[in-house]
Amino acid sequence: MPERRHGWRSQIILGLLLLGLWLLFSGHYDVFHISAGVLSVAFVLTLNRSLFKVRLYPGDVHRPLRLLALAGYLPWLMKEILIAALQVARIVLTRRMPVDPSLVEFHAELPNAAAQTVLANSITLTPGTVTIDVAHGVFLVHAITDPSSENLVEGVMPARVVRLFEGDESGAVTDVSIHRWVEE
């Protein structure tokens, strides 16, 4: 029974977030548009209710996202995206384009597949880095410069993602290898 209660709480929070987005994007706050938003959100939640019970990997542990930690993670991620965007802009605007591309491979101890997905998407959202592959906690990331991959190699971003699902920052980055292009 406690699992069902948790499921309803998640549905309510998701519904409120979707309704908030509907109202924000529609820009109309009359009875018709609010009613259309409520009906649309109810329809989407009904269609997707079974997805909350799906385990993508055998043995994957479901840990809910900690909303208070998310409130701290999103501004930090936005700051990192802005800093990386300025670094990429500087590279593009520099006449000699100091690009030093590399593939960074590392293992991150994350609590579940959802945390791996959040980390992979956060890396890709940050300009100058793209997650190419994730398998069993091993990430392969393309970075255009060394500063682009610093938060990954130092374990800053993985630790922040772990904090979203657990209270501690036990997400250690290990087995880091950096592969560089060699000009012929």
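The largest nonpolar core of this predicted model has 22 residues. Within this core, the residues with the most contacts are F106, L110, L119, I123, F139 and M157. Several elements contribute to the core: helix 3 (67-93), strand 1 (102-108), helix 4 (113-125), strand 3 (138-143) and helix 6 (156-165) each supply at least two of its residues. In soluble globular proteins, nonpolar side chains tend to be buried together.

Leaving aside neighbours within four places in sequence, F139 touches V104, E105, F106, A108, L110, Q116, L119, A120, I123, T131, D133 and V134. Among these partners, F106, L110, L119 and I123 are also listed with the most contacts inside the core.

T131 has a relative accessible area of 15%, and because buried means under 20%, T131 counts as buried. The side chain of T131 reaches the backbone oxygen of A120 at 2.9 Å. With neighbours within four places in sequence again left aside, T131 is in contact with A120, I123, T124, F139, L140 and V141.

At the N-terminal end, helix 2 is capped by D30, which has a side-chain oxygen 3.1 Å from the backbone nitrogen of F32.

Which residues of helix 2 are buried? They are G37, V41 and L45. These residues cover an arc of only 60 degrees around the axis, so they lie on the same side of helix 2. The face turned away from this buried side carries the exposed residues V31, F32, L39, F43, T46 and L47.

These regions belong to a protein chain with six helices and four strands. Read from the N terminus on, the order of the elements is α-α-α-β-α-β-β-α-α-β. The chain has 184 residues, and 28% of them are buried. Of the contacts between residues at least 6 apart in sequence, 69% join residues at least 24 apart. The accessible surface of the chain comes to about 12,100 Å², and carbon and sulfur atoms account for 65% of that area.

Methods. Residues numbered from 1 in each chain as written. Predicted model: local features only at pLDDT ≥ 70, side-chain atom pairs only at ≥ 80, totals over all residues. Heavy atoms only, no water. Buried < 20%, exposed > 50% of the residue type's maximum accessible area, 1.4 Å probe, protein only. Polar contact = N/O pair within 3.5 Å; in protein donor to acceptor, adjacent residues only side chain to side chain. Contact = heavy atoms within 4.5 Å. Core = buried A, V, L, I, M, F, W, Y, C linked by side-chain atoms within 4.5 Å. Arc of directions from axis to C-beta. Areas by Shrake-Rupley, 256 points an atom, 1.4 Å probe, with all protein chains shown as cover.
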